[in-house]
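Welcome, and please load the model in your viewer. We will go from one selection to the next, with a short note on what is there at each stop.

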Amino acid sequence: MNWDYYKMHKAYLLLGSNRGNKALLLEKAVERLNSISLKPVISSSLFESEPWGFNAKEWFLNKAVLIETDYSPEVLLSQILNIEKELGRVRGVLKEGYESREIDIDILLYDNLVIDSEILSIPHPRMHLRKFVLEPLMEIAPNIVHPLFDKTIKELYKICPDKSIVKTNGL
């Protein structure tokens, strides 16, 4: 019997929304993530950030969360895609680039795994380039080490080239 199958894994996720009732959508996403997490979800504060990589009127609300799961990374991704769909996310089939969305949930880190497949890249390949990812993650896991760069989240934040605005404003 493969006992690793039953092991509890830590997955760090980033939630974002810039369409609709953003705070409520993030709250509902955390509720649904709680239903698939083996322990209560640990969540950062809400952060507001300007759109990254595209132009949009509405800024994003983001938060980082930690879930503990016995799902494989691929099954976790499937669960996340279902949650996004339940909350109104429609993914364009042939669309390129970024767009406004009701909800976006990205797997940032999963234990110390490094995965690069057609459907999944862990750690998230651009997380170290984005302040809107690093700031919320730094709030809940400043000393977690990035498995490829061998730097903590706090160290990555200090050298992040992103100059976009990210703020907490008491949300």
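Start by selecting arginine 19: at 39% relative accessibility, this residue counts as partly exposed. Here, buried means under 20% relative accessible area, exposed means over 50%, and partly exposed is in between (1.4 Å probe, protein chains only). Before moving on, keep in mind that this is a predicted model, where local features need pLDDT of at least 70, side-chain atom pairs count only at pLDDT 80 or more, and totals for chains, interfaces and linings use all residues. Residues are numbered from 1 along each chain as its sequence is written, and side-chain values use heavy atoms, with hydrogens and water left out.

**Stop 1: the salt bridges**

Glutamate 102 and arginine 19 form a salt bridge, with the closest N and O atoms 3.5 Å apart; the term stands for a side-chain nitrogen of Lys or Arg within 4 Å of a carboxyl oxygen of Asp or Glu. Glutamate 102 sits in the loop between α2 and β5 and arginine 19 in the loop between β1 and α1, so the pair ties together parts that are 83 residues apart in sequence. Helices (H or I, at least four residues) and strands (E, at least two) are DSSP runs, numbered from the N terminus.

How many salt bridges does the structure hold? There are three. For another, select glutamate 58 and lysine 22, whose closest N and O atoms are 3.0 Å apart. This pair links distant parts of the chain, with glutamate 58 in the loop between β3 and β4 and lysine 22 in helix α1, 36 residues apart. Glutamate 58 is partly exposed at 42% relative accessibility, whereas lysine 22 is buried at 14%.

Then pick arginine 32 and glutamate 86, a salt bridge with closest N and O atoms 2.6 Å apart. Here helix α1 supplies arginine 32 and helix α2 supplies glutamate 86, 54 residues apart. Arginine 32 is partly exposed, with a relative accessible area of 26%, and glutamate 86 is exposed at 53%.

**Stop 2: a lysine without a partner**

Now select lysine 63, in strand β4 (residues 60-69). Lysine 63 is buried yet has no salt bridge. Which side chain of opposite charge is nearest? That is glutamate 27, 7.8 Å away; in this count Lys and Arg are positive and Asp and Glu negative, while His and the chain ends are not counted. What lysine 63 does have is a side-chain polar contact of 3.0 Å with serine 43. A polar contact is a pair of N or O atoms within 3.5 Å; within protein, one must be able to donate a hydrogen and the other to accept it, and residues adjacent in sequence count only if both atoms are side-chain atoms.

**Stop 3: the cores**

Show Leu13, Leu15 and Leu33. Of the 26 residues in the largest nonpolar core, these touch the most other members. A nonpolar core is a set of buried Ala, Val, Leu, Ile, Met, Phe, Trp, Tyr and Cys residues joined through side-chain atoms within 4.5 Å. The elements giving two or more residues to this core are β1 (9-17), α1 (22-36), β4, α2 (73-86) and β5 (104-110), and α1 gives the most, with six residues. A second, separate core of 17 residues includes Leu66, Leu109, Met127 and Val166.

**Stop 4: helix α3**

Select residues 131-140. Seven of the ten residues of helix α3 are buried, so this helix is largely enclosed by the rest of the structure. Its buried residues pack against β1, β3 (47-49), β4, β5, α4 (153-159) and β8 (166-167), where contact means heavy atoms within 4.5 Å.

From there, go to phenylalanine 47, found in strand β3. Phenylalanine 47 is buried, with a relative accessible area of 5%. Its C-alpha atom is separated by 6.9 Å from that of proline 136, 89 residues apart along the chain.

**Stop 5: two aspartates**

Select histidine 9 and aspartate 111, whose side chains make a polar contact (2.5 Å). Histidine 9 is in strand β1 and counts as buried at 12% relative accessibility. Finish at aspartate 116, in strand β6 (residues 115-116). Aspartate 116 is exposed at 70% relative accessibility, and its side chain makes a polar contact with that of serine 121 (3.3 Å).
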